Amino acid sequence: MESVNSVNNRMLRLQEVCLLRGQRQVLAGATFGVGHGELVALMGPSGVGKTTLLRVIAGLETFQSGTVHVEELALNGGGHLPATLKSLRAKVGMVFQFHHLFEHLPVIKNVWLAPVHAQRLPLKDAERRARELLATLGVEHRAAALPRELSGGEAQRVAIARALAVDPPLLLLDEPTASLDADRRTELRDMLRGLTREGRTLVVATHDEEFARSCAARMLRVRDGLVFEES
Amino acid sequence: MRVVRLASLVAFALPILIATASEPPKKFRWAGDPEGGAPFVEADPAQPDKLVGFDVEIADLIARGLQRQASFINITFTSIDQSIERGDAEIGLSGIEDTPARRATMAPTIPYYQFREVLSVRDADAARFRTLADLRGRRVATLAGTIAYEILLRAEREFGIQAVSYDDDVHPYSDLVNGRVDAVLLDNVLAERRARALSGFTIQPQSVAASHYVGVLAGRNAELRDRVNDILRGAMRDGTLEKIFRKWSVWNADQPKLYARVLAGESVPAVSGFGATDVAAPLSVWQSTLRYLPSLLEASVVTIVLSCLAMALAVLLGVLIASGRVYGSALTQTLLTGYVEIMRGTPILLQLFVLYYGIADVIRLPAFIAALLGLALNYAAYESEIYRGALQAVPVGQLEAGRILGLSERQVLTLVRAPQAFRLALAPMTNDFVALLKDSSLVSVLTVVELTKQTQIFATNVGSWIMPGLLCAVLYLAMSLPLAALARRLEQRWKASTA
């Protein structure tokens, strides 16, 4: 049973989260916390469970036991109620490794779709905000393009713009450097630092150690289903 | 030596003699439709593999006269002329009407039975609906491709009645009693036969027109026809035909008069009475085409309207069924799967019959509505499978992206999943629409005159499928090709946006 509990003042806190997929123990008591406005990198080689951790935090995956707290909202093992998920969506955004832009919609509509339909913003305001975000991320000129017409870096920035359009205080990014060259990685690092300066909390799952060290305030390493703090 | 020669001769000739003696008589192939039933041709209720009826006995009579053995070939009533023309059988006998078109294009026999076209109405209407002129604005039923149908077409123009054509002669009467039609115009033999099995209608004594039954042979078989005529004349003289018709309780005072005229060598007009002029003059192919073109175009409108409405309803129901199967509870999924399997696993013709005739006691659907529902309910099952497959083909990542942005499940479906699935479903949907356009011809069993039915009527009346078939094909293509082109354009446009 889930409840809204007052926990400490951290943005995100995981306690003893266990997730079994078939016979495989993917998470075996993962525990860590992230403070407001922090940029934390989740490190580890491919297949270690970084993406699963992000999906658990985003409510896309259920887990068997343990607790995830996003501010005062608690997710418990076993399954999530629709009302809990609705509250969670207002707090957590996610940028997927493969972007998952809506293939049938142009870039601008990808960005304003959720503000208009989920947050009931007037279309005019949502579109103006979408154009601002695209301009900030340097892809305003691609507003009318379809996702299939974008380069990997452009798709990445549009995906970030789409996630930011609903203004989530906690943003999860899964392997954000996977489709970027060195110059674009630097741009992304600067952009993520800018987001933390706005007070946003970021959790970045990556196996790119150099990128992680260059932008994260703290690094967490995932190993054997557990999360370790790295000095 | 002579003994040896005799023995050799016997040895040589005996096998030939034995072979000649044991060779069965040559077969005399005759075509008929047992679905027409008694008293014409029907399977013997006591021995279903044996045929009985006055046409069966006439076929035997002719075969005996030709010193051959009658051999029956089952042909649908409306295709008998074409089947005879292509040589499937030598003669057609199944209550075949004596029409000017047959006289002009084929080699019909002398008339062997005179019938009258009579009007049947519900008992309660017997006093007010005595003639066709009393039936203005009313629905009058008959069998497609008959003289009676031609008469009703003229009555449509002259008296403003509405002609309704059936594929059989049983349902016009049951629909008359049920109130779906207000009168039936058919020959007295058929009317009296139904009156013995069904109550609630009255046969008006005044006949509308008169014609005859004949045997029909291919135009090239005039010589055989003349021999058959001799046999029939002999049977008229010696009372064999009278005996046959008395046995089947259809002998009446009209027949001796007909036989007297035939035996005297008098010319007997094919049709007499109301509408005789409409069926009297055989028309050239071009004249017939001009005459039937408006009704073919009208029938095309019925086909396209019916197909469009049925497809729209099938799409709507298909979307609901597919959504239920993807998102519904286990019970909903089981029920919907059952529906889909039943509709896909049984013939659409059966479903149409059940909707129109089967449930008529509970709910009396008008023919067009029953046809529309039948096609829509059947195609909805197929559409739902297309949409279910398309919904499931949309990548999960697309749905999760919608969810994480705060869209509700309904919004994820309507804004993300369904638009993408629709693009995947478009090609098979177009395929289905073209198939439905053609399957709409099946609804003619419910008295809806659509393009194929009208073509069949046209072909029966002109005695050829060439021009009617050609026109029918052109009209179907005129409907389906633009549709296919439109679908291709939409596909290309949407494919470009998702490729």
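Visitor: Does Trp30(B) count as buried or exposed, and what is the reason?

Guide: This is a predicted model, in which local features need pLDDT of at least 70, side-chain atom pairs count only at pLDDT 80 or more, and totals for chains, interfaces and linings use all residues. Residues are numbered from 1 along each chain as its sequence is written, while chains are lettered from A and ligands numbered from 1 in the order in which they are written. A residue is buried if 20 or more other C-beta atoms, placed from the backbone, lie within 10 Å of its own, exposed if 12 or fewer, and partly exposed in between. Because Trp30(B) has 26 C-beta neighbours inside 10 Å, its class is buried.

Visitor: In which strand does Trp30(B) lie?

Guide: Strands (E, at least two residues) and helices (H or I, at least four) are DSSP runs, numbered from the N terminus. In chain B, residues 27-32 form the strand that holds Trp30(B), namely E1.

Visitor: With which residues is Trp30(B) in contact, leaving aside its neighbours within four places in sequence?

Guide: Two residues are in contact if their C-beta atoms, placed from the backbone, lie within 7 Å. On that basis the partners of Trp30(B) are Ala59(B), Ala70(B), Phe72(B), Ile73(B), Ala89(B), Glu90(B), Ile91(B) and Leu93(B).

Visitor: Which helix supplies the largest share of the side of chain B that touches chain A?

Guide: In the contact between the chains, 17 residues of chain B meet 20 residues of chain A. Helices H16 (396-404), H17 (409-439) and H19 (466-498) of chain B each supply at least two residues of that side. The largest share, six residues, belongs to H17(B).

Visitor: How are H15(B) and H17(B) oriented to each other?

Guide: Helix H15 of chain B (residues 367-393) packs against H17(B) with the axes 8 Å apart and at an angle of about 150°. Axes are lines fitted to C-alpha atoms, for helices over the stretch in contact, and angles run from 0 to 180 degrees between N-to-C directions. Angles over 145 degrees count as roughly antiparallel, under 35 as roughly parallel, 65 to 115 as roughly perpendicular and the rest as oblique. The relation of H15(B) to H17(B) is therefore roughly antiparallel.

Visitor: What percentage of the residues of chain A count as buried?

Guide: Chain A contains seven helices and ten strands. Of its 231 residues, the share that count as buried is 45%.
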